[in-house]
Amino acid sequence: MADKQATLTVDGKSYDFPVLEGSVGPDVIDIRKLYGQSHMFTYDPGFTSTGSCESSLTYIDGEEGVLLHRGYPIGQLAEHSSFMETAYLLLNGELPNQGELDTFTRTISRHTMLHEQLATFYRGFRRDAHPMAIMCGVVGALSAFYHDSTDIADPEHRKISSHRLIAKMPTIAAMAYKYSVGQPFVYPDNTLSYTGNFLRMTFGVPAEEYEVIPAVEKAMDRIFILHADHEQNASTSTVRLAGSSGANPFACIAAGIACLWGPAHGGANEAALNMLQEIGTPDRIPHFIERAKDKNDPFRLMGFGHRVYKNYDPRATVMQKTVREVFDALKVTDPIFETALRLEELALHDDYFVEKKLFPNVDFYSGIILSAIGFPTTMFTALFALARTVGWVAQWNEMISDPGQKIGRPRQLYTGPTQRDYVPVAKR
Ligand code: CMC
């Protein structure tokens, strides 16, 4: 019995519910018995006040701008860790020792190749297909390839599927890019790091030796860390909901990719850069800020605002720093960065954005970096999907191994017609 109780009173009748405490963060009212006791549902479209599960992976304090993975602040992981190490942490709960990290990295590198038949599958897409469309299709199609590990009740099978997904995602994303530009697919090189291998598969061509630039590799790896997991966001909740029915893990991740694609979620990085390019020069910013504030104009400042962060997104802080590092390494500049900095400054001093607590999010600066590295905007969300796969599989594993796990099945407030009799077409 929980120490704290919450009481709900409706029409003079009271119902008591246990209040559960997490290790940190808001308590939750356990309303699982509400319907049984009262014949009422709660109503929370968009799940703004609903905890959908118990999780020990990621903690966010949106008011303070805090993001922790297994307790470790994102800033420290971005500064000192690697994507492989962060992936291990998310999957296993603790940072690995050197031997564990080496084994994990080697295991992932042994799963980087795709079944050769999938190359044929790619050729079924139109050349101008969006990489996210290809990613949805190809990852879903992996469900048809690995019959040796489909028992999701078996932790070993889940582990193999998770490793395959993390390992194959760079290959899948790079092949989506290669297909769109009409270049030959580049096979993985397992002597390179996870991120170095991805860069080579994306930008390398068979005719020339590809040299990984360490500063770019580091920046890219950091971007992957920043996107690795983010609590119960829309795509993660989609993966959990799909997985709750016992669906094939590759199909669940394809569902997550579909959700991530939207401009309110992972698609915002593509939309943010397109917006900055449309704004062009700093003198045009006030006009766009006015448009973003106008309720009759659908335009929003992309890369601004967040459901959870009501403070600076800590990932945006790291991103902004990384822009400068990549520019220095590649000896490039981009006037769009100046526009972005000025836009941020003006928005942060504008009453509308201050009152609504709208700050730059992870997507505001990421596009500028990715563009400097050489990615077309259509690839941005595919890179997000690549990195978020770690969080998706970790959350999926956590859910399946929870003994109290049930199929996700929300209810509704029905507002349609009440029962009525069918009328034959001739009489309508
Ligand atoms: N520009 C202008 N106004 C905004 C913006 C924005 N970017 N974001 C929110 N608002 C306003 C919104 O109009 C609303 O005003 P009012 O209360 O007067 O109706 C208020 O702020 C609250 O917005 P909301 O849409 O009700 O908040 P939400 O929590 O449902 O949406 C969001 C969060 C991220 C979808 C939204 O801020 C947004 O559309 N931002 C732009 C897209 C974006 O950058 N998305 C990436 C999110 S971070 C990466 C990820 O997790 O995928």
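Q: Which backbone oxygen lies 2.8 Å from a polar atom of the side chain of Thr202?
A: This is a predicted model, in which local features need pLDDT of at least 70, side-chain atom pairs count only at pLDDT 80 or more, and totals for chains, interfaces and linings use all residues. Residues are numbered from 1 along each chain as its sequence is written, and side-chain values use heavy atoms, with hydrogens and water left out. Thr202 is found in helix H8 (residues 194–203), helices being DSSP runs of H or I with at least four residues, numbered from the N terminus. The oxygen that lies 2.8 Å from its side chain belongs to Phe198.

Q: Is Thr202 buried or exposed?
A: Buried means under 20% relative accessible area, exposed over 50%, and partly exposed in between, with a 1.4 Å probe and protein chains only. The relative accessible area of Thr202 is 0%, so this residue is buried.

Q: What distance separates the C-alpha atoms of Thr202 and Phe375?
A: Leaving aside neighbours within four places in sequence, Thr202 is in contact (heavy atoms within 4.5 Å) with Ala174, Tyr177, Lys178 and Phe375. Thr202 and Phe375 are 173 residues apart along the chain, yet their C-alpha atoms are separated by 8.9 Å.

Q: How many charged residues has the contact of H14 with H17?
A: Helix H14 (residues 314–330) packs against H17 at an angle of about 15°, with the axes 8 Å apart. Residues of H14 including Met319, Val323 and Phe327 meet residues of H17 including Tyr365, Ile369 and Ile373. Ala, Val, Leu, Ile, Met, Phe, Trp, Tyr, Cys and Pro count as nonpolar, Asp, Glu, Lys and Arg as charged, and the others, Gly among them, as polar. By class, this contact has 12 nonpolar and 3 polar residues, and the charged number 1.

Q: Which residue has the backbone oxygen that the side chain of Asn361 reaches at 2.9 Å?
A: Asn361 is found in the loop between helix H16 (351–355) and helix H17 (362–373). Asn361 counts as buried, at 7% relative accessibility. The backbone oxygen that its side chain reaches at 2.9 Å is that of Gly305.

Note on methods: Helices (H or I, at least four residues) and strands (E, at least two) are DSSP runs, numbered from the N terminus. A polar contact is a pair of N or O atoms within 3.5 Å; within protein, one must be able to donate a hydrogen and the other to accept it, and residues adjacent in sequence count only if both atoms are side-chain atoms. Axes are lines fitted to C-alpha atoms, for helices over the stretch in contact, and angles run from 0 to 180 degrees between N-to-C directions.
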